[in-house]
Amino acid sequence: MSISSTIKSIQDIMRKDVGVDGDAQRLSQLVWMLFLKIFDDRETEWELLQTNYQSPLPEQYRWRNWAANAEGMTGDELKQFLDNDMFPALQNLEAKGGDQRAYVIRSVFEDAYNYMKSGQLIRQVINKIQEGVDFNKAQERHMFGDMYEQLLRDLQAAGNAGEFYTPRAVTEFMVRMVNPRLGEKVMDPACGTGGFLSCAIEHIRTQDVNTVEDETQLQASIFGIEKKPMPHLLCTTNMILHGIDVPSNIRHDNTLARPLISWTPKERVDVVVTNPPFGGMEEDGIETNFPATFRTRETADLFLVLIMQLLKSGGRSALVLPDGFLFGEGIKTRIKEKLLEECNLHTIVRLPNSVFAPYTSIKTNLLFFTKGTPTRHIWFYEHPLPAGVKAYNKTKPLKVEEFTPLEQWWGKDADGFKTRVENEYAWKVSLEDIKARNYNLDCKNPHEGEQEIHDPDVLLAQYSAMQNDIATLRSQLKDILGEALQRGAQA
């Protein structure tokens, strides 16, 4: 049974429980259970690799000792154990010998709750997880991203707006282009479930990690902050799954709730990769943490101002932003002016509007910039839909291979991307032209007319639209002539 079908059957069991009200509670219930199962799978590895490994969990609360046996505790006994013993103990867990893992577990359970009322149904769910999820198998670890996507789809259906999954193809491409390396601090200030951070970990390991010391350095260089409890729990779980043994640098907090000037030079980072929440408004008072010039309650705008503060000189960032930022005026104009003065915004990749379906149909863009030198010109690249595809969807998602032509065109930051040339998808706009447009970055592809369209459905739709326009014009002309003739007869 696949992980996704396991999750579906678990949720079907949970729907029978009177204590679980709606998808959001079902998901919250599932997530803390998965955390304990995954932590136990990782402990199996640590026991093999570390001499005299000591679990931060008291023995009776380790998954293997209360959950793994399909014939173990059930009914009222299991319900009482969870509510009266395990949850209070883990919410107040103390570290033995300074083991930071205990603090991670405690932070996970501070916001967790056992909603289920039936001990028999809890046992059924636990047995499904035990038999259907084994994250010591490498292929199942990579399937975890698919499970995240399914969980977040369910969250969206539950009405938790603002949470959506960044396709793995997009996260991989963005990480590859900013190219984080060992020894650099990597941060996602709105890390969600940790997709960008897990991609960065894999990228650095593949490029640079050869020794135990390298791995230790990598583990200390990954930073994330997430405002909402459940995505934070998922991110913590994801980091453990990707070999970050003590993800204490993944904090549950609102990054924007801290005054901008309080971020000190010591806290600055080399790389920021993120998809900040957009379309939402921050709570009252958050904007006062920012200079008056940039005060807004639009979340994505505040995150961009913050990223400019967080980056070291020479630091690199890639982030997702909606079209509204590109053409927006007022405070958005001032933010763009600051960005182009303090950073080299060298590339904007314009994505088709179906990339993030079904979460949003808003057209999005990938912005890449380096802090420390001003922008002289911006390269735009319009990512095309594959031949024969009218829109991305669940059965035809964006694939990472589709970015290959863009990666081949990309060039190197070190030489100012001097190998780049204009083509049917790529064009360059000077800073002078941007200023003349009052910092409107919504620059259309000047080569669009050169692109031949061979899709018969598209051509037929265009023909139909032209015929409708002609019919409308003919009707308007008929009315104008009729009125003129009537006036002439009356004269």
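**View 1. Arg-176 and Glu-172 lie about one helical turn apart in helix 8 (residues 168-178) of this predicted model, being 4 residues apart.** Helices (H or I, at least four residues) and strands (E, at least two) are DSSP runs, numbered from the N terminus. The two side chains meet in a salt bridge at 3.7 Å, N to O; this term denotes a side-chain nitrogen of Lys or Arg within 4 Å of a carboxyl oxygen of Asp or Glu. Arg-176 is partly exposed, with 32% relative accessibility; buried means under 20% relative accessible area, exposed over 50%, and partly exposed in between (1.4 Å probe, protein chains only).

**View 2. A salt bridge joins Glu-47 and Arg-62, with the closest N and O atoms 2.8 Å apart.** Glu-47 belongs to helix 2 (residues 23-49), while Arg-62 sits 15 residues away in the loop between helix 2 and helix 3 (63-66). Glu-47 is partly exposed at 33% relative accessible area, whereas Arg-62 is buried at 6%.

**View 3. Arg-258 and Glu-267 form a salt bridge of 2.5 Å, N to O.** Arg-258 is partly exposed, with a relative accessible area of 23%, and Glu-267 is partly exposed, with 29%.

**View 4. Glu-298 is buried yet has no salt bridge.** This residue occupies the loop between strand 4 (269-274) and helix 12 (299-310). The nearest side chain of opposite charge, Lys-332, is 4.9 Å away. The Glu-298 side chain reaches the backbone nitrogen of Ala-300 at 3.2 Å.

**Notes.** Residues are numbered from 1 along each chain as its sequence is written, and side-chain values use heavy atoms, leaving out hydrogens and water. In this predicted model, local features need pLDDT of at least 70 and side-chain atom pairs count only at pLDDT 80 or more, whereas totals for chains, interfaces and linings use all residues.

Technical notes. Lys, Arg positive; Asp, Glu negative; His and termini not counted. Polar contact = N/O pair within 3.5 Å; in protein donor to acceptor, adjacent residues only side chain to side chain.
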